Structure formats: C-alpha cells, structure tokens
Amino acid sequence: MDMLTLSHVAKRFGEKQVLRDVTFSVPEHTVFGFVGKNGAGKTTAMKLILGLLASDGGEISVNGMKVHYGNTPTNRFVGYLPDVPEFYSCMTPFEYLRFCGEISGMSSKEIKARSEELLCLVGLEKENRRIRGFSRGMKQRLGVAQALFGRPGLLICDEPTSALDPAGRRELLDILSAAKEQTTVLFSTHILSDVEHICDEAAFLHEGEIVLKGTIEEMRTYRKAAGMEMELEQVEDGQLLLAAFPCLKSTGKRNFLLEDTGRLPEILHFLADRNISVLRIERQESSLEELFMEVVGK
Ligand code: ADP
C-alpha cells in the first residue's frame, strides 16, 4: 500500500507557479528521496502534505485519507522533522522526550519505554547533557526521535542532512534507514549521494514537475555509463601506464580516468605484473547536476 500519494498537485505564490503538476506515491516502509535544487519547491510540497498550505489543484492523501488545508486529521499519521529543529535547550534528551510524551497524554510507563527505545535508535541513550551543548547532528538525531515518538506511519524530514558534516550526515542517514522498520520515510535533499546511500525510491522535482521517479535501480539506467577513477602512488608509474594505455585520460599527475571500463582487467594485470602501487580505484560518481542535465536535457 502507498503511505503517501500526490496527484497532479499545483501551487502558486502570486505570479510564481512553484508546483505545476506533481504526481508521485511513496510505498509503505520505504525510504523515499524527494530530490530537487534549492528553491525547486520541496518545502512547499511538504507544507501541502502537512496541510499547512492550501494547494491550487490536485489531491494529496496520507494513509489513504485525503489531506485538508488547516487542521488536517491526516497529521495524526505524520511525524515531521524541520531542517533546523528547535528544542527547549535547558532539557536533557530524556527530559525533552518525556515532555513530548506528557503533552500527548501517554502514561509515564509508556513514555519511559518509548523514550529509551528511541534514544537507542538515534544513539543518544547515554547522553545526559543539556541540549544547548549539542552539535547540529545530535539535534537532528533528537529531532528524529521526537518526530517518531507518536509512532507515525509517515516521517517527513526536510533537508535533514544539508547542514551536517560528513560523519553527522552518515549517522543520520543510517538512522533514517533503520527507522523504515517502524515507519515510512520521505526526506528532501539536493545531495544525490544521500539518495543513493539509503533510498529505495526517489522522485526528482524540477520546474514544478516530477521529471524522474522510480526505484534507485531504475534511476541508474538513466545514468550515462560511469567511468573508473584511479590514483597511483608514484608519478613515474603514471607515465608508464599512460604510455601503455593511451585510452586513459590524465586528470592529474597520478590520477586517471578510464571511460571504457571493459579494459579494466587488462589494466589491473599490467599494474600487478609491474608491482605498481595503486592508492585508489573507484567508480566515478555522477553529480546530481549531471544526472539532472541528463534528465532535463532530453
Ligand atoms: P525548496 O524547499 O526546494 O528549496 P521552497 O519550497 O522553499 O523550495 O521554495 C520554492 C519557491 O517558492 C522559491 O522560489 C520560494 O522563494 C518560493 N516561496 C516559498 N514559500 C513562499 C511564500 N510563502 N511566498 C512566496 N514565495 C514562496
């Protein structure tokens, strides 16, 4: 079953048509990437899903129920993590979650069990400091715990990783990936590698429309054949390699790009036979920009 469906959704601010015709569905228990450049309209779409904005057309449903602008009952299925979550900073994480539980009317036994479970999920179970001393990454992780507190069927995260350093990003992505056991995750991002890392499916928003959607495997078929990047230890070895394989493109004194990846075994034999030290061989990643160009340039 689909946890979220947007069907021909449109939204304009004055003269500016931000969303023209947005249609996609998010299946239950998946991590779904909502991809677009800054200003593409991702936050606007999320606000429509939360009933915080009125749409100019189309329909949105959460868990099979239609979303209405205003106090929409569908929000009881939704947990939301804004891009910069705010907390009462004088509290510890446990105190904060207890407070969230108390205002939602849960029993103290239930609050304690749920808080412990969620603090473990986000790796803050041993953290007794006040929130004011937390890093951005720790605040985002606590925000995920808070958003999951009421066991929502859908967790919506707005650009959860964009302000984090690589380690913080990785931790948060792993937590979102683990969260799909208990919920469905929709997260917006402009970082393609985050999508490739944890998403089952994704949709690309561009100029108010979804220009590409599907499973990550399906998306890869849209990508142009990626090359291999190699880095050798010694500059002299690089010269030797280039002389033997003119098909390699030199991208630095010790760095090369192989576009015809079918020749990789031959090159590896050559390197091994001569005991040439290789620092790195990796598949060249297309940037989000490149993928966009392939899709929107058609
Ligand atoms: P994203 O989340 O993809 O960065 P947004 O949804 O925040 O994009 O914004 C999409 C466009 O809509 C931007 O050009 C933004 O300036 C405009 N916009 C967003 N909210 C409003 C508003 N309340 N009034 C007028 N324009 C808005």
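In helix 4, Gln140, Arg141, Val144 and Leu148 meet Glu171, Leu172, Ile175, Leu176 and Ala179 of helix 5, where contact means heavy atoms within 4.5 Å. By class, six residues of this contact are nonpolar, one is polar and two are charged; Ala, Val, Leu, Ile, Met, Phe, Trp, Tyr, Cys and Pro count as nonpolar, Asp, Glu, Lys and Arg as charged, and the others, Gly among them, as polar. The model is predicted, and local features need pLDDT of at least 70, side-chain atom pairs count only at pLDDT 80 or more, and totals for chains, interfaces and linings use all residues. Residues are numbered from 1 along each chain as its sequence is written, and side-chain values use heavy atoms, with hydrogens and water left out.

Two packed helices are described by the angle between their axes and the distance between the axes. For helix 4 and helix 5 (residues 166–179), the angle is about 15° and the axes are 10 Å apart. Axes are lines fitted to C-alpha atoms, for helices over the stretch in contact, and angles run from 0 to 180 degrees between N-to-C directions. Helices are DSSP runs (H or I, at least four residues), numbered from the N terminus. Helix 4 and helix 5 are therefore roughly parallel to each other (angles under 35 degrees count as roughly parallel, over 145 as roughly antiparallel, 65 to 115 as roughly perpendicular and the rest as oblique).

Helix 4 (residues 136–148) also packs against helix 3 (residues 108–121): their axes come within 9 Å and cross at roughly 140°. Helix 3 and helix 4 are therefore oblique to each other. Arg114, Leu118, Leu119 and Leu121 of helix 3 make the contact with Leu142, Ala145 and Leu148 of helix 4. Six of the contact residues are nonpolar, none is polar and one is charged.

A further pair is formed by helix 8 (residues 235–244) and helix 9 (residues 264–273), which pack at an angle of about 140° with axes 11 Å apart. Helix 8 and helix 9 are therefore oblique to each other. Here Leu240, Leu241 and Ala244 of helix 8 meet Ile267, Phe270 and Leu271 of helix 9, and the contact has six nonpolar, no polar and no charged residues.

The largest pocket is lined by 13 residues, with Asp83, Val84, Pro85, Arg136 and Lys139 nearest its centre. On a 1 Å grid over the protein atoms alone, a pocket is an open set of points where a 1.4 Å probe fits, with protein on both sides within 12 Å along at least five of seven lines; lining residues have an atom within 4 Å of a point. The lining comprises five nonpolar, three polar and five charged residues.

How values were computed. Helix = DSSP H or I, 4+ residues; strand = E, 2+ residues; numbered from the N terminus.
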